[in-house]
4 protein chains.
Amino acid sequence: MHSYKFNIRIRYGETDQMGVVYHGNYPQFIEIGRIEWLRSLGISYKEMEEEGVMLPVVSLAINYIKPVFYDDVISVNTTVKKKPTASIDFEYEITNASGEVVTTATTVLAFVNMKTKRPMRCPQYVLDKLRF
Amino acid sequence: MHSYKFNIRIRYGETDQMGVVYHGNYPQFIEIGRIEWLRSLGISYKEMEEEGVMLPVVSLAINYIKPVFYDDVISVNTTVKKKPTASIDFEYEITNASGEVVTTATTVLAFVNMKTKRPMRCPQYVLDKLRF
Amino acid sequence: MHSYKFNIRIRYGETDQMGVVYHGNYPQFIEIGRIEWLRSLGISYKEMEEEGVMLPVVSLAINYIKPVFYDDVISVNTTVKKKPTASIDFEYEITNASGEVVTTATTVLAFVNMKTKRPMRCPQYVLDKLRF
Amino acid sequence: MHSYKFNIRIRYGETDQMGVVYHGNYPQFIEIGRIEWLRSLGISYKEMEEEGVMLPVVSLAINYIKPVFYDDVISVNTTVKKKPTASIDFEYEITNASGEVVTTATTVLAFVNMKTKRPMRCPQYVLDKLRF
């Protein structure tokens, strides 16, 4: 229930001259993972921003286990294990088409009121949708 | 006088699996060329935006002549040949360290009033700095 | 028959501080358009490269008509109008969810033998799949 | 001695619609920090790869403390605290023009023999240049 899987196909421009996906592109992949999970729950991050709630990334950690290649379809598995407060912790596991874990990652995002630029609590409707 | 040269070192993440710079990165290189030229004339694009003038790209054309490689230092030569009106035409010639022309490009940018979102004339101080 | 439509959702990292999609990201969108078209015809660009045929971009032209925003789903319509020879000309029309044309573009790509780095003719199986 | 500072100017395309630098671009900034440090010591990462030694990123952690803006010049301070073995640990502190720490980060990179794809020890000439 607190987890979601989303597939992404690797673009040509995401490779580098090592012949694999450039390591700096993974923050985008895990962002897509969490955004699409929220969407699947009926939460639009776009609308959240329009309503004045920002979710900047406070910290990020990535472990690169196996390389990923051009045209591969990767699955980003996004999980939230504990109830969000003024921040929300996501965990990610990326697998390739053979089901091998190629990358794991974690991020901490903060809820921020766009007008005051101050931290705020996770909105109640988000907690409800996340079933916390 | 209507032209300026700026050097850029190619980043690892700008290569692709062909072992050369990914073609989609050149719009950034020529943007840096024109921005740095304006800076050399005492025009800050950042301040221009803060004062309510936007310069969105209306069209762009790039010819890829020779590949460029990781760690290469390229020179972007930016030229304006005719007096800007409600738009400004830039021409670019990118050369490698051996002086070979590796890419040529042109862009048209429009002056837009950020509040009204309407086209506007090139500000007089920009014409003055550009010596038109 | 000589045309194909593919949808792409705009990523957060593809926006810039104007609040719209950064103009430099469109070469990626049209590349995805042509790659997915080839895939729909049973042509894998990945396999083409593995078999020693490269398709570098020789030239590119883009017209930016209307802005595109975060989370928008754009449609890239890719067309080939004339029979490929040693190069292939693609035309693109990008529309937004309201069906408005937001961008048009053209590219010329060259068929290159990866071993000899020399130009070559479009492989016969590609002509066959493209129905030329 | 085991530390180096390199300045980078923020590009327009590196911002996002929050009006700040997109968080996913920082892996590039710290990579430039470590590459330029190596260059300052007489070590070319490009040549290292040409000689068959790859340095893929094994893990990466970033803390985002303060936002960075378009046109800002940031300083990436790169440090190596312990003698490299089969891997090398870099620490980074990014400061803005006011000297404020805006980001801290760490990475672990592995020395890999490109032919065998196997881990290898840090080459002696690298240890020498790093004064370990």
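## Basis of the description

Copies are superposed by least squares on the C-alpha atoms of residues with pLDDT of at least 70 in both. The structure is a predicted model, in which local features need pLDDT of at least 70, side-chain atom pairs count only at pLDDT 80 or more, and totals for chains, interfaces and linings use all residues. Residues are numbered from 1 along each chain as its sequence is written, and chains are lettered from A and ligands numbered from 1 in the order in which they are written.

## Chain D on chain A

A61(D) belongs to strand β3 (residues 57-64) of chain D. Helices (H or I, at least four residues) and strands (E, at least two) are DSSP runs, numbered from the N terminus. With residues up to four places away in sequence left out, A61(D) touches A61(A), A105(D) and T106(D). A61(D) has 16 other C-beta atoms within 10 Å and is therefore partly exposed. The cut-offs on that count are 20 or more for buried, 12 or fewer for exposed, and partly exposed in between, with C-beta atoms placed from the backbone. M48(D) is 13 residues from A61(D) in sequence, and the two C-alpha atoms are 25 Å apart.

## Chain C on chain B

Chain C can be laid on chain B by a turn of 180° and a shift of 0.0 Å along the axis, with an RMSD of 0.0 Å. That is the relation of a two-fold axis. The C-alpha of chain C nearest the axis belongs to A61(C) and lies 2.1 Å from it. The same surface serves both copies here, with 100% of the contact residues of chain C recurring in chain B.

In this pair, 15 residues of chain C are in contact with 15 residues of chain B. On the chain C side, α1 and β3 each supply at least two residues, and β3(C) gives the largest share, 8 residues. By class, that side has 10 nonpolar, 5 polar and no charged residues. Ala, Val, Leu, Ile, Met, Phe, Trp, Tyr, Cys and Pro count as nonpolar, Asp, Glu, Lys and Arg as charged, and the others, Gly among them, as polar. Strand β3 (residues 57-64) of chain B and β3(C) run antiparallel and are joined by 5 bridges; strands pair if DSSP finds at least two bridges between them. In β3(C), A61(C) stands opposite A61(B).

## Helix α1 of chain C

Helix α1 (residues 26-40) of chain C has 15 residues. From first C-alpha to last it reaches 21 Å, close to the 21 Å expected at 1.5 Å a residue, the expected span being 1.5 Å times one less than the number of residues. Just after the helix, G42(C) takes a positive phi of about 90°.

The buried residues of α1(C) are Y26(C), P27(C), F29(C), I30(C), E31(C), G33(C), R34(C), I35(C) and W37(C). Their packing partners in chain C are β1 (3-9), α2 (45-50), β3 (57-64), β4 (73-79), β5 (87-95) and β6 (101-110).

## Strand β4 of chain D

Strand β4 (residues 73-79) of chain D has I74(D), V76(D) and T78(D) on its covered face, and V73(D), S75(D), N77(D) and T79(D) on its uncovered face. In a regular strand the side chains alternate between the two faces of the sheet.

β4(D) pairs with strand β1 (residues 3-9) of chain D in the antiparallel sense over 7 bridges, and V76(D) is the bridge partner of F6(D). Strand β5 (residues 87-95) of chain D also runs antiparallel to β4(D), joined to it by 5 bridges. There, E93(D) is the bridge partner of N77(D).

## Chain A as a whole

Chain A contains 3 helices and 7 strands, in the order β-α-α-β-β-β-β-β-β-α along the sequence. Its C-alpha trace spans about 45 × 30 × 20 Å along the principal axes.

Of the 132 residues of chain A, 33% count as buried. Among contacts in chain A with a separation of 6 or more, 67% are between residues 24 or more positions apart.

Notes: Two residues are in contact if their C-beta atoms, placed from the backbone, lie within 7 Å.
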